[in-house]
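Q: Please take a close look at one part of this model, the packing of its helices on the sheet and on each other. A connected description would be appreciated.

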Amino acid sequence: MSIQAVRLIINGIVQGVGFRPTVYQLAHQLSLYGWIKNTSNGVEIVLQTDDSTEFINLLYQSLPRLAQIDSIKIDLIDLKQPLTNFSILASAQQGINYTLLPSDSATCQDCLTELFDPNSRYYLYPLINCTNCGPRYSVIKQLPYDRASTSLANFNFCWQCQQEYSDPHNRRYHAQATACAKCGPQFNHANWDELAKLIKHGAIVAIKGVGGFVLVADASNANTVARLRQRKNR
């Protein structure tokens, strides 16, 4: 006996923005069984129900800050056996990518609070981020968006980051670029005071980050800005 279910293919900015954790929590809220996974064609969701109207309506109301839905394709399918939970499955590579790449986003207020909290393990860690902010486009190598597809692939989680990454109620749940001072990229602590003096006196400095090099200069120095534009052919 087959069991009716709904398959949703969702496109837009739906990878790397906390979309899967949001769907996971929403499915549990509605007591729906099924699964979700990233694919090259978008995010694929299967729900063991014959009517996904309530789920879709609530999904639009619960979208993560950086997410955007452009289209939803809905198909009725038959399951060979009943599902017993809702889970996040491994991503699937299917050839041509139709999903939009998410852009980098400024640090959110929650991360800023942790950044300047002496009691936080993220205290003054410059690469702090979560599913609501941080690098995306600059660290992605390919879609689907998973940690293995980013420039942080070789940085293994410490036990605390792993715990946050695996907790559906944590805002770093499946946050692919998350890291901390224990397990993430480290800075070579050069003489920052000397570096600041060089910038103040018109130097242009290149600082290597997780997504490439950032050029730093004194924006109030007209000569420096003109030299930078000349070197970049702008």
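**Helices and sheet**

A: Helix α1 (residues 19-29) lies across β1, β2 (34-39), β3 (42-47), β4 and β5, and runs at about 170° to β5. Here contact means heavy atoms within 4.5 Å; helices (H or I, at least four residues) and strands (E, at least two) are DSSP runs, numbered from the N terminus. Angles run from 0 to 180 degrees between N-to-C directions, and axes are lines fitted to C-alpha atoms, for helices over the stretch in contact. Helix α2 (residues 53-61) also packs on the sheet, where it touches β1, β3 and β4, and its direction makes about 155° with that of β4.

The model is predicted: local features need pLDDT of at least 70, side-chain atom pairs count only at pLDDT 80 or more, and totals for chains, interfaces and linings use all residues. Residues are numbered from 1 along each chain as its sequence is written, and side-chain values use heavy atoms, with hydrogens and water left out.

The two helices pack at an angle of about 135°, their axes being 11 Å apart. α1 is therefore oblique to α2, a term for angles that are not under 35 degrees (roughly parallel), over 145 (roughly antiparallel) or 65 to 115 (roughly perpendicular). In this contact, F19, V23, L26, A27 and Q29 of α1 meet F55, L58 and L59 of α2. Its residues divide into 7 nonpolar, 1 polar and no charged; Ala, Val, Leu, Ile, Met, Phe, Trp, Tyr, Cys and Pro count as nonpolar, Asp, Glu, Lys and Arg as charged, and the others, Gly among them, as polar.

The sheet itself is open, with 5 strands in the order β4-β1-β3-β2-β5 and mixed pairing; two strands pair if DSSP finds at least two bridges between them.
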